[in-house]
Amino acid sequence: EERPFLSVNAAALPGDLFESTLFGHARGAFTGAVVRYPGLIESAGTGTLFLDEISELEPRAQAKLLHLLDTGEYLPLGQTSVKRSRARIVAATNRKLDEEVKGGNFREDLYYRLNVLSYTVPPLRQRPADIGLLADHFLRKACTSFSIGPLAFSRSVMDLFEEYSWPGNVRELQNTVYRAGVKVRRGTLRTLHFSIPISCLVKCFKNPGSRSLPGRIMEFEKKEILEALQLFGGNRSRAAAHLGIKRTTLIYRIRRLGIE
């Protein structure tokens, strides 16, 4: 773990640029190459090179990578002496490579050369124990990145997170936390601070067909408002601030929901 860890997104690089980025180039190897560039393989040394979105590699780049994996040798652009690599290669993809091979989009020999040790990361909905840890991590990151906070989640929010299916996986969780954090900026994040789809979908999955969707939304909103009012002894201004909404908005919702 103390050795270098370098990563590159293969989907963001065309074939010729991928080769230069990976293997490096000599000064004058092509127009614009005014200095020698060692490349990621050389820079990784005896550490790790992570190739993300490996399925997006162009055919020519796939052939170059296969040669590296087979022999451990590579040739920087514009040089005549072969170099050897001792770096560990780790690749990732969100596609099924065996199906890409059958479709002719990925080299079969490269697939088997990469597939020495494979690990499938389950979707977030199958890892409920990770959701709280990731949400806390993203909340701390949001506070640092956007100069907000301190912020914390209420228990009801964590219950929602653990029940939701997260079709967008970790990226959806991250963006959901960031969005709520930027809106509230300080204090406790409650269910009302999150987008309606998450709250509603969780309720639909938990109690399918129990009541109409609008009815479940209103019940959920009513519960949150009652908790806030109880917490602050009926003080509407403090309850509104706690919920992250205006006092006039709170009064409107109290009347609409028939809260006494």
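Glu19 is placed in helix α1, residues 15-23, where helices (H or I, at least four residues) and strands (E, at least two) are DSSP runs numbered from the N terminus. This is a predicted model, in which local features need pLDDT of at least 70 and side-chain atom pairs count only at pLDDT 80 or more, whereas totals for chains, interfaces and linings use all residues. Residues are numbered from 1 along each chain as its sequence is written, and side-chain values use heavy atoms, with hydrogens and water left out.

**Buried residues and their contacts**

- Glu19 counts as buried because its relative accessibility is 7%, given that buried means under 20% relative accessible area, exposed over 50%, and partly exposed in between (1.4 Å probe, protein chains only).
- Leaving aside neighbours within four places in sequence, Glu19 is in contact (heavy atoms within 4.5 Å) with Gly24, Arg60, Lys64 and Leu77.
- His25 lies in the loop between α1 and α2 (39-44), and with a relative accessible area of 9% His25 is buried.
- Not counting residues up to four places away in sequence, His25 touches Ser20, Phe30, Ala33, Val35, Arg36, Tyr37, Pro76 and Leu77.
- Between the C-alpha atoms of His25 and Arg127 there is a separation of 43 Å, the two residues being 102 residues apart along the chain.
- Glu221, which belongs to helix α10 (residues 213-231), is buried, with a relative accessible area of 8%.
- Apart from neighbours within four places in sequence, the residues in contact with Glu221 are Leu192, Arg253, Arg256 and Leu257.

**Exposed and partly exposed residues**

- Asn9 is found in strand β1 (residues 5-9) and counts as partly exposed at 35% relative accessibility.
- Asn9 is in contact with Asp52 and Glu53 when neighbours within four places in sequence are left aside, and the C-alpha atoms of Asn9 and Phe50, 41 residues apart along the chain, are separated by 8.5 Å.
- Leu117 is located in the loop between α5 and α6 and is exposed, with a relative accessible area of 78%.
- From C-alpha to C-alpha, Leu117 and Thr93 are 14 Å apart in space, and they are 24 residues apart in sequence.

**The largest pocket**

- The largest pocket holds about 1600 Å³ of space; on a 1 Å grid over the protein atoms alone, a pocket is an open set of points where a 1.4 Å probe fits, with protein on both sides within 12 Å along at least five of seven lines, and lining residues have an atom within 4 Å of a point.
- For that volume, grid points are joined across faces, edges and corners, and the space counted is the space filled by probe spheres set on the points.
- Of the 36 residues that line the largest pocket, Ala91, Ala92, Thr93, Tyr119 and Val121 are the closest to its centre.
- At least two lining residues are supplied by each of α3 (59-71), β5 (88-91), α4 (97-102), α5 (108-114) and α8 (169-184), and the largest share, 4 residues, comes from β5.
- By residue class, the lining of the largest pocket divides into 18 nonpolar, 9 polar and 9 charged residues, where Ala, Val, Leu, Ile, Met, Phe, Trp, Tyr, Cys and Pro count as nonpolar, Asp, Glu, Lys and Arg as charged, and the others, Gly among them, as polar.

**Helices α11 and α12**

- Two packed helices are described by the angle between their axes and the distance between the axes.
- The axes of α11 (residues 236-243) and α12 (residues 247-257) come within 8 Å and cross at roughly 100°, with axes taken as lines fitted to C-alpha atoms, for helices over the stretch in contact, and angles running from 0 to 180 degrees between N-to-C directions.
- α11 and α12 are therefore roughly perpendicular to each other, since angles under 35 degrees count as roughly parallel, over 145 as roughly antiparallel, 65 to 115 as roughly perpendicular and the rest as oblique.
- In this pair, Arg236, Ser237, Ala239, Ala240 and Leu243 of α11 meet Arg247, Leu250, Ile251 and Ile254 of α12, and the residues of the contact divide into 6 nonpolar, 1 polar and 2 charged.

**Backbone geometry**

- Most residues other than glycine have a negative phi, and most peptide bonds are trans.
- The peptide bond from Gly149 to Pro150 is cis, with omega near 5°, and Pro150 sits in the loop between α6 (128-146) and β6 (151-153).
- Ser147, in the loop between α6 and β6, has a positive phi near 55° and counts as exposed at 64% relative accessibility.
- Asn169, which lies in helix α8, has a positive phi of about 55° although it is not a glycine, and at 28% relative accessibility Asn169 counts as partly exposed.
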